[in-house]
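Let's take a walk through a protein together, one stop at a time. Keep the picture open while you read, and find each residue as it comes up.

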Amino acid sequence: MIVFQNPCDSEQPMTAVHQREEKSESSMWYEKIAEGLAGPQIINDSKTPSGRVHVGSLRGVLVHDAVFRTLQNRGTEVVYQFGIDDYDPLDGLPADATPGLQAHMGYPLCNIPAPPGSPATDLADHYISEFLGIFQELGVAAQVYRMRDVYRSGRFNPAIDAILKKSDVVRRIYAEVSHAVRPEDWHPFQVICENCGRIGTTAVTAYDGHTVAYQCRPDLVRWARGCGHQGRMSPFDGHGKLPWKLEWAAKWQTFGITIEGAGKDHCTRGGSREVAEQCLREIFGGTPPLNVPYEFFLVSGAKMSSSKGVGTAAREIANFLPPEILRFLMIRTPPKRTVNFSTDFEYIVKLFNEHDRLVEATLERDRATREQMLRMIAVNPAATAYHPVGFQLLVALLQLPHLDVEREVDQRTTGGLTESDRVSLRNRLAAARYWLDRYASEEDRIELQTRLPVSASTLSDWQRAFLHRLGEHFPEQPQTEEGYQRFIFDIARLTPIGQHAAFAALYRVLIDKAQGPKGGALLAYLDRAFLVQRFLEIDFSYPAFWRQSAITDSDCEHWLKKHQGQILNTSAGCWLTRGSSGESPGLGIIEIRVTLNDGKTYLLRALLKDFEGEPQNGAAATADLEETGNRWLLALSTNARVKILMTEKTIMVPSN
Ligand SMILES: [Zn+2]
């Protein structure tokens with residue numbers, strides 16, 4: 001069941017919640033980080049390509065990208081580089097492993113063949129290519145490097161030499177910081193075994209400044225079995241690699257990295273980040289880069305692992321969400337807060353709507369902050385602005401029969417769609433289709449009701465009267481979405497009926513749901529004759545409607561008093577109905593129409609006391625009201641064959 005508020009179906013421009021959001025944006029996290037930095041900066045992030053990359057890995061990529069863009073915007077000399085840790089051993093089978101992969105456990109990822117049919121050069125390339133393709137789509141301008149090239153080029157040789165010479169220091173730091181005690185002959189390095197080619201199974205036991213002594217041990221790790229070979233070889237020029245905590249320190253030292261964030265699981269006390277930082281200080285005398293710890297990106301929603309095989313790979317989410325929405329998702333939440341992503345309808349619609357509010361906000365308040373945020377989430381910050389079409393509406397339109405959505409949206413856009421509007425619309429239509437195909441449950445789907453749904457019988461006479469009025473007053477000429485939206489609100493005020501009950505009735509008779517897309521949009525895209533017929537075929541009982549919608553005469557006076565000073569003009573009317581068979585009492589009402597100086601007209605209805613007899617002209621008749629001073633006075637014409645039990649009903653209208 002979708003419990004969904006219609007943010008567009010509110011006449012309130014800004015709720016308290018919106019104001020809070022606006023306020024928190026005024027100190028965006030990336031600006032705060034950039035404020036504390038001086039001089040040229042080198043930002044680094046990295047990924048081990050040991051399987052299809054999870055969407056959560058994009059958080060680090062985009063957190064770093066936001067810091068990068070902010071520094072660029074401030075005119076700081078800055079480089080963003082992204083390392084592929086493809087010299088790491090295969091130490092676990094990926095979910096989509098081919099049968100032959102088990103035999104390659106322990107080999108460097110870049111030395112393992114790509115799966116059959118893949119155009120990639122090797123396993124690492126196979127997995128990382130998919131991920132790097134997303135960088136391009138998201139406008140992430142990181143300089144990519146591969147650790148195989150770094151090791152093989154000899155660029156890491158000085159760092160490897162320094163670290164191996166201080167193996168005792170590394171062992172002490174491991175023991176002190178992370179309480180991991182290593183044997184006396186343990187050296188922080190692994191060579192690629194000359195005999196079997198594995199890297200995950202070798203242990204280095206000595207270093208003489210030129211070569212290391214190593215063993216390829218059958219029992220070093222559980223996930224791979226070494227061949228037993230022993231030998232001596234140079235650790236330089238790609239013959240092996242550092243353990244990753246030392247590799248981290250070596251990267252910081254060799255590349256001069258000044259900013260590198262890490263997932264919070266690495267940033268615990270005694271964790272890998274702390275070990276790497278201590279090694280950097282003690283071995284190289286270096287200063288650790290600025291850490292930007294970021295929280296988990298969680299994916300919920302049962303549908304994410306449905307039988308359709310939809311998963312949480314970064315590629316799949318990037319296939320779904322338009323790039324600016326994906327950037328917005330990853331960047332708007334401060335890194336220290338967990339993101340709980342879901343493909344549920346409510347979550348996705350809210351995500352798009354919050355993005356759209358950012359794009360379309362017209363308030364001057366926090367303008368600079370919003371513009372900064374827009375630069376962060378744009379794929380190409382120099383691209384022209386566009387007007388987003390609501391995701392919920394597109395999902396609905398795609399489900400209406402015989403509708404060319406792009407053409408219809410174009411026709412209903414004042415001045416037509418611009419080129420950037422069109423690009424945005426196509427991306428969003430693709431996202432809406434993707435969502436409908438893969439994530440929508442049966443309850444999420446809408447179906448235009450070609451006949452009045454049976455469940456319409458649950459609507460109150462009050463709601464039915466509202467719908468009937470929509471039909472009676474439906475505009476002759478086509479309106480914009482906003483025009484129809486105003487029309488719905490106008491009729492709701494003149495019924496009068498609360499907004500929630502009004503829209504619920506509208507959705508019920510059109511799509512047989514309690515919620516739906518923006519009501520004005522629904523009216524704009526549906527056939528006028530169909531709508532008028534649907535609204536007019538709904539019948540209701542006047543006495544029941546009046547009883548449900550009337551307020552007391554003292555509440556009427558209270559309302560009028562409250563709006564004293566805003567009243568432009570008032571008018572009034574009185575209506576009567578006969579009692580059944582002339583035996584039960586009839587009903588009468590006084591209605592006062594009040595136009596306030598915001599131009600909106602409200603209707604107040606007060607019920608008269610029951611009366612006996614029949615009004616003169618059949619089932620319903622009007623009676624006259626006289627304005628006497630500031631009072632509307634009910635004055636039935638003398639020839640009415642009606643005995644009003646309460647001879648006088650007056651409502652005080654305050655004078656301005
Ligand atoms: Zn071996």
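Start at glutamine 278, which sits in helix H9, residues 272-284. What you have on screen is a predicted model, so treat each value here as computed from that model. Is glutamine 278 buried, exposed or something in between? With a relative accessible area of 23%, glutamine 278 is partly exposed, because buried would need a value under 20%. Now look for valine 170: it is 108 residues away from glutamine 278 in sequence, yet the two are 9.0 Å apart in space, C-alpha to C-alpha.

Next stop, the metal. Which residues hold the zinc ion? Its protein donors are the SG atoms of Cys193, Cys196, Cys216 and Cys227, lying 2.2 to 2.3 Å from the ion. Along the chain, these donor residues follow the spacing C-x2-C-x19-C-x10-C. Two of them show how the site brings pieces of chain together: cysteine 196 is in the loop between E4 and strand E5 (202-207), while cysteine 227 is in the loop between strand E6 (212-216) and strand E7 (230-233), so the pair ties together parts that are 31 residues apart in sequence. Cysteine 196 is buried, at 15% relative accessible area, whereas cysteine 227 is partly exposed, at 34%.

What about the geometry around the zinc ion? The four donor atoms subtend angles of 105 to 116°, and that makes the arrangement tetrahedral. For reference, the ideal angle for four tetrahedral donors is 109.5 degrees.

Stay in this neighbourhood of the sequence for a moment and look at the strands. E5 and E6 run antiparallel and are joined by five bridges.

For a contrast, go back to strands E1 (residues 41-47) and E2 (residues 78-84), which run parallel and are joined by seven bridges. Asparagine 44 stands opposite glutamine 81 in E2. To get from E1 to E2, the chain passes through helix H3 (residues 57-73), and this β-α-β crossover is right-handed.

Now for the rings. A pair of aromatic rings is described by the distance of the centres and the angle of the planes. This model has 29 aromatic pairs. In one of them, the rings of tyrosine 174 and tryptophan 186 have their centres 5.3 Å apart and their planes at 50°, so the pair is tilted. Tyrosine 174 belongs to helix H7 (residues 167-178) and tryptophan 186 to the loop between H7 and strand E4 (190-191), 12 residues apart. Tyrosine 174 is buried, at 2% relative accessible area, and tryptophan 186 counts as buried too, at 17%.

Another tilted pair is phenylalanine 345 with tryptophan 435, at 4.8 Å centre to centre and 40° between the planes. This one links helix H12 (residues 345-360) with helix H16 (residues 419-438), across 90 residues. Both phenylalanine 345 and tryptophan 435 are buried. Rings can also gather in a group: Tyr87, Tyr145, Tyr151, Phe156 and Phe255 form one aromatic cluster.

Finally, find two arginines sitting over rings. Arginine 273 lies over the face of tryptophan 248, 5.4 Å from the ring centre, and arginine 493 lies over the face of tyrosine 602, at 5.5 Å.

How values were computed. Residues are numbered from 1 along each chain as its sequence is written. This is a predicted model: local features need pLDDT of at least 70, side-chain atom pairs count only at pLDDT 80 or more; totals for chains, interfaces and linings use all residues. Side-chain values use heavy atoms; hydrogens and water are left out. Rings of Phe, Tyr and Trp (its six-membered ring) pair if their centres lie within 6.5 Å; planes under 30 degrees apart count as stacked, over 60 as edge-to-face and the rest as tilted. Helices (H or I, at least four residues) and strands (E, at least two) are DSSP runs, numbered from the N terminus. Buried means under 20% relative accessible area, exposed over 50%, partly exposed in between (1.4 Å probe, protein chains only). A charge sits over a ring if NZ of Lys or CZ of Arg is within 6 Å of the ring centre and within 35 degrees of the ring normal. Two strands pair if DSSP finds at least two bridges between them. A crossover is right-handed if, with the strands pointing away from the viewer, the path from the first strand over the helix to the second runs clockwise. Donors are N, O and S atoms within 2.8 Å of the metal (3.2 Å for Na, K and Ca); water is not among the atoms, so sites may look incomplete. Four donors count as tetrahedral if all angles lie between 85 and 135 degrees; four count as square planar and six as octahedral if opposite donors are over 155 degrees apart and all others between 65 and 115; anything else is irregular.
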